[in-house]
Amino acid sequence: MHCPACRTTTLQPTKLDDGLLAHGCGQCSGALVSLLYYRDWAERQPQSEEPALQAEVEGVNESRQALTCPKCAKLMSKFQISGTRGNRLDLCGSCDEAWLDGGEWQLLKALELSHKMPSIFTEAWQRKVRQQASEEARRQRFGRLVGDQAIARADEIRDWLKDHPQRRELLFYIGHE
Ligand SMILES: [Zn+2]
Ligand SMILES: [Zn+2]
């Protein structure tokens with residue numbers, strides 16, 4: 001099997017994590033993971049109750065072009081990981097294999113998603129990602145208008161107002177000078 005991103009490099013058996021085997025590319029550090037094995041591995045992992053760290057992960061690759069499955073040569077589908085990260089996982093639904101670009105496994109771990117990969121391939125997840133992405137775009141648009149600090153303050157106020165029993169009254173009060 002050849003690397004779907006570099007095309008010429010041959011994939012070699014590798015270990016993505018403790019007890020999780022995959023086929024990796026020595027050139028781009030991408031990896032092909034069988035979801036059949038992955039699900040079995042994920043079930044055996046202890047469930048962490050910790051909230052996501054949101055740590056910055058450096059050096060994550062992202063293949064922008066459509067990839068063809070190294071096993072069956074069909075086009076793979078792209079699934080965005082989150083609304084705030086541009087990274088997308090590639091999936092071959094026929095072979096049940098996922099392709100992770102170099103660094104994407106580390107990114108999944110940092111986002112506490114390394115045990116939940118199949119959820120990313122669902123329509124519900126992708127809908128959430130699109131909502132998150134448009135919310136983020138809107139935030140950036142307004143951030144350019146009023147500055148990041150003002151936006152951060154507005155977010156705080158909005159969060160505080162969200163569940164406030166007199167939310168409508170307070171908004172009415174703010175809106176009237
Ligand atoms: Zn490669
Ligand atoms: Zn395939």
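Me: In which sense do strand 4 and strand 5 pair, parallel or antiparallel?

Reply: Strands of a sheet pair through backbone hydrogen bonds, either parallel or antiparallel. In this structure, strand 4 (residues 77–82) and strand 5 (residues 85–92) are antiparallel, with five bridges between them. Two strands are said to pair if DSSP finds at least two bridges between them. Strands (E, at least two residues) and helices (H or I, at least four residues) are DSSP runs, numbered from the N terminus. This is a predicted model, in which local features need pLDDT of at least 70 and side-chain atom pairs count only at pLDDT 80 or more, while totals for chains, interfaces and linings use all residues. Residues are numbered from 1 along each chain as its sequence is written, and chains are lettered from A and ligands numbered from 1 in the order in which they are written.

Me: Which residue of strand 5 is the bridge partner of Gln80, and how many residues does the hairpin place between strand 4 and strand 5?

Reply: Gln80 has Arg88 as its bridge partner in strand 5. The hairpin from strand 4 to strand 5 passes through two residues. Strand 5 also runs antiparallel to strand 6 (residues 97–100), to which three bridges join it. One pair across these two strands is Asp90 with Trp99 of strand 6. Their hairpin has four residues between the strands, and there Asp96 takes a positive phi near 60 degrees.

Me: In what order do the six strands form the sheet?

Reply: The open sheet has the order 1-2-3-6-5-4, with antiparallel pairing. Strand 1 (12–17) and strand 4 are the edge strands, each pairing on one side only. From one strand to the next, the twist averages 35 degrees. Strand 2 and strand 3 are antiparallel and joined by two bridges, and Gly24 has Ala31 as its bridge partner in strand 3. Helix 1 (residues 35–43) packs on the sheet, where it touches strand 2, strand 3 and strand 6, and its direction makes about 75 degrees with that of strand 3. For such angles, axes are lines fitted to C-alpha atoms, for helices over the stretch in contact, and the angles run from 0 to 180 degrees between N-to-C directions.

Me: Which residues have the most contacts inside the largest nonpolar core?

Reply: In soluble globular proteins, nonpolar side chains tend to be buried together. A nonpolar core is a set of buried Ala, Val, Leu, Ile, Met, Phe, Trp, Tyr and Cys residues joined through C-beta atoms within 7 Å. The largest one here has 24 residues, and Ala31, Val33, Met76, Ala98, Trp99 and Leu100 have the most contacts inside it. Two or more residues come from each of strand 2 (20–24), strand 3 (31–34), strand 5, strand 6 and helix 2 (104–110).

Me: Is Val33 buried or exposed?

Reply: A residue is buried if 20 or more other C-beta atoms lie within 10 Å of its own, exposed if 12 or fewer, and partly exposed in between, with C-beta atoms placed from the backbone. Val33, in strand 3, counts as buried because it has 23 C-beta neighbours inside 10 Å. Two residues are in contact if their C-beta atoms, placed from the backbone, lie within 7 Å. Apart from neighbours within four places in sequence, Val33 contacts Leu16, Ala22, Tyr38, Glu97, Ala98 and Leu100. Val33 and Leu16 lie 17 residues apart in sequence, yet their C-alpha atoms are 8.5 Å apart.

Me: Where are Arg7 and Ser29 found?

Reply: Arg7 is in the segment before strand 1, and Ser29 is in the loop between strand 2 and strand 3. Neither is a glycine, yet Arg7 has a positive phi of about 75 degrees and Ser29 has one near 65 degrees. Arg7 counts as exposed because it has 11 C-beta neighbours inside 10 Å, whereas Ser29, with 20, counts as buried.

Me: At what angle do the axes of helix 4 and helix 5 cross?

Reply: Two packed helices are described by the angle between their axes and the distance between the axes. The axes of helix 4 (residues 123–146) and helix 5 cross at roughly 125 degrees and come within 7 Å. Helix 4 is therefore oblique to helix 5; angles under 35 degrees count as roughly parallel, over 145 as roughly antiparallel, 65 to 115 as roughly perpendicular, and the rest as oblique. Arg139, Phe142, Gly143 and Val146 of helix 4 meet Asp148, Ala150 and Ile151 of helix 5. Helix 5 lies largely in the open, because the number buried among its 15 residues is zero.
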